[in-house]
Amino acid sequence: MKIIKICLLWAIFSATSVCSLAQELTNERAKWFTDARYGMFIHWGVYSGAEGVWKGERHRDGNNYAEWIQYRNRIDQKEYLTLLDRFEWDRIDPEKWVILAKNAGMKYVVITAKHHDGFALWDSKANSYNVAQFTNPQRDIIRELAAACKKHGLKLGLYYSHWIDWEHKYGWDHTKEITGLSNENYDRYWQEKVIPQMRELLTGYGPISIIWFDMWINHSQTVVSKDQLMQLKGLIRELQPGCLINSRLGLSLQEDSDIDFEELGDNQLGNMSRNFPWQSPATVADSWGFNRLDTEWKSTSTLLQSLIGNVSLNGNFLLNIGPRANGEVPYEISQRLLEIGDWLKVNGESVYGCGAFTLPKDQHDWGKITFKKTGSGACLYLHIFNYPLDKQLNITGILSKPAKVYFLSDKNKTPLSLNHITALTTIKLPSNSPDPYDPVIVMEYSAFPDVSEGLAAKNIEGGFSLTPYNLNVPSENLKISERNRLGTVPPHCIVKEKTIFKWKIFADKPGIRAFDVSYSYQGAKLKNMIVLKAGQKTINYSILPTGKTVVEPGENYLADNYKSNRIGSIDFPGTGFYEIILEIDPEENEEINFQWLWLK
Ligand code: FHN
């Protein structure tokens, strides 16, 4: 799907000051949401009977989105409905999905009340294309789900495809980009189906906590008008003032800042901390509706790390299940969900009600940090994704000493051995990790911990990797090139004129430290210079050509060579903060690609 456009929305969103306004407006309403952090998405409908295959042919699109099969494989509506013959209605029990969500540690459920195919999963009086008309005895899946959510204490959200509707004569389907659809006719769809159906959902099913819209482009790029979206939003605010609305309603924040949370692109995880509520919708494989050919299952660790990564940036994670036409949730999904649920039973305190801490997001290479205020104090939760081989966990940048440090899984809160020097906290870990996925250490502070900003962290190898990404003060002027597709060219900064890089580190002991620099220089001159300054000392180093490396034999596939060059050593006379300055000064018309500076 058009994830790039969602990214654009995200970028616009971050750039605007309207965010803080919207946050003020929505904070109270969204409080439960930002506390909950983890929810279940359910894609289930007529398409679940096809399982991503129609008359022997797989779904016609690379993304495997099985819920699109009617549109992609150009299926006539009458034939599409024959898929309902495959449904085992006596086995279909939405309460089982809710119980799974509960056991998985999820706090809310969002179901496709109506997906793009236009088929309603409730007994809609406004439009007969709904489940009650095709079941005997008549079913109302939304009512059943609402009752189960109430019974098990989960919030209920409803996905409603407002923009696209393949059933209504005047609903939007992309083919109408060719055949045309007048605004008047589209408004007939809107007034005849969207508004009455939304009214039904908002008045007949108890409290609805989220209406999850799904227009991933701005309305100005398609048939929907701002007035229609405002009408829809107004209806929700009128009928259920506590209901959250996601950003895929389709209005830009400049037009109207009154949405409750930002929905990122499909499977797009957060990449920065934000103070406005946001969420990633995610799949366990690729498809949302069940697709039997889609078997690239993400691992439990990957999914758990995605959840934690989002929470560490103030985000939510909405993980999808695609039940089959017999109501069953595929084992590959339920197994992963329950494994995460077991982890949350022990470690949920580090997720629910947690958010971002003030340190930079990728500061530590061993994992992530989540944060929670506790009365006048605070807790930091250290999620160890990479358990250090030397059993030393270094946390750089926190000036306060924690009052208590222990594993969250340890009911006795046995204190872990700790060393705290100025800006470096080091925890001695036991030989064996207490958790296969993510052992969590709690660092309790009696007050909000003081932080030293702009420090490069001591990494899991016990040294400092200084790159264009962890400068003391980030610079927007640097020309950074990301790693290429296969990673044979690593991320680097392209230096064409004299450039000064500055980092700050905390040295926890005095001593002589060796410096290595990784760069690529594809020219032939010998006078390009690197000057390194640290602790009153200077090293001058002449850059030499690094040549090429052969990536694959016999394919003439060459990549620029980046290798480690020892440039000298400097004595750090005492424990403390040091500024490290690197100047790269290429000759005229020369280009040096700087990757990293390493010291240990
Ligand atoms: O087209 C839909 C898709 O089928 C699925 O529902 C996802 C979930 O985020 N939303 C749209 C694409 O972004």
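Guide: One term is needed at the outset: a contact means heavy atoms within 4.5 Å. Please also keep in mind that this is a predicted model.

Visitor: Which residues does Ile69 touch, not counting residues up to four places away in sequence?

Guide: Ile69 belongs to helix α3, which covers residues 69-72. Its relative accessibility is 0%, and because buried means under 20%, Ile69 counts as buried. Leaving aside residues up to four places away in sequence, the contacts of Ile69 are Tyr47, Ala50, Gly52, Val53, Trp54, His59, Arg74, Ile75 and Tyr80.

Visitor: What distance separates the C-alpha atoms of Ile69 and Phe515?

Guide: Along the chain, Ile69 and Phe515 are 446 residues apart.

Visitor: Is Glu51, with its positive phi, buried or exposed?

Guide: Most residues other than glycine have a negative phi. Glu51, which is not a glycine, has a phi near 55°, and it sits in the loop between β1 (38-42) and β2 (53-54). Its relative accessible area is 11%, and since the cut-off is under 20%, Glu51 is buried.

Visitor: What is the relative accessible area of Asn267?

Guide: Asn267 also is not a glycine, and its phi is positive, at about 60°. The residue lies in the loop between β8 (262-263) and β9 (278-282). Asn267 counts as partly exposed, because its relative accessible area is 28%.

Visitor: In the open sheet of four strands, which strands stand at the edges?

Guide: The sheet has the order β21-β28-β23-β24, with antiparallel pairing. Two of these strands have a single partner strand each, so one side of each is left without a neighbour in the sheet, and these edge strands are β21 (499-507) and β24 (537-542). From one strand to the next, the twist averages 15°.

Visitor: Which residue in β28 stands opposite Phe501?

Guide: β21 and β28 (residues 576-585) run antiparallel and are joined by nine bridges. Across from Phe501, the residue in β28 is Leu582.

Conventions. Residues are numbered from 1 along each chain as its sequence is written. This is a predicted model: local features need pLDDT of at least 70, side-chain atom pairs count only at pLDDT 80 or more; totals for chains, interfaces and linings use all residues. Side-chain values use heavy atoms; hydrogens and water are left out. Helices (H or I, at least four residues) and strands (E, at least two) are DSSP runs, numbered from the N terminus. Buried means under 20% relative accessible area, exposed over 50%, partly exposed in between (1.4 Å probe, protein chains only). Two strands pair if DSSP finds at least two bridges between them. Axes are lines fitted to C-alpha atoms, for helices over the stretch in contact, and angles run from 0 to 180 degrees between N-to-C directions.
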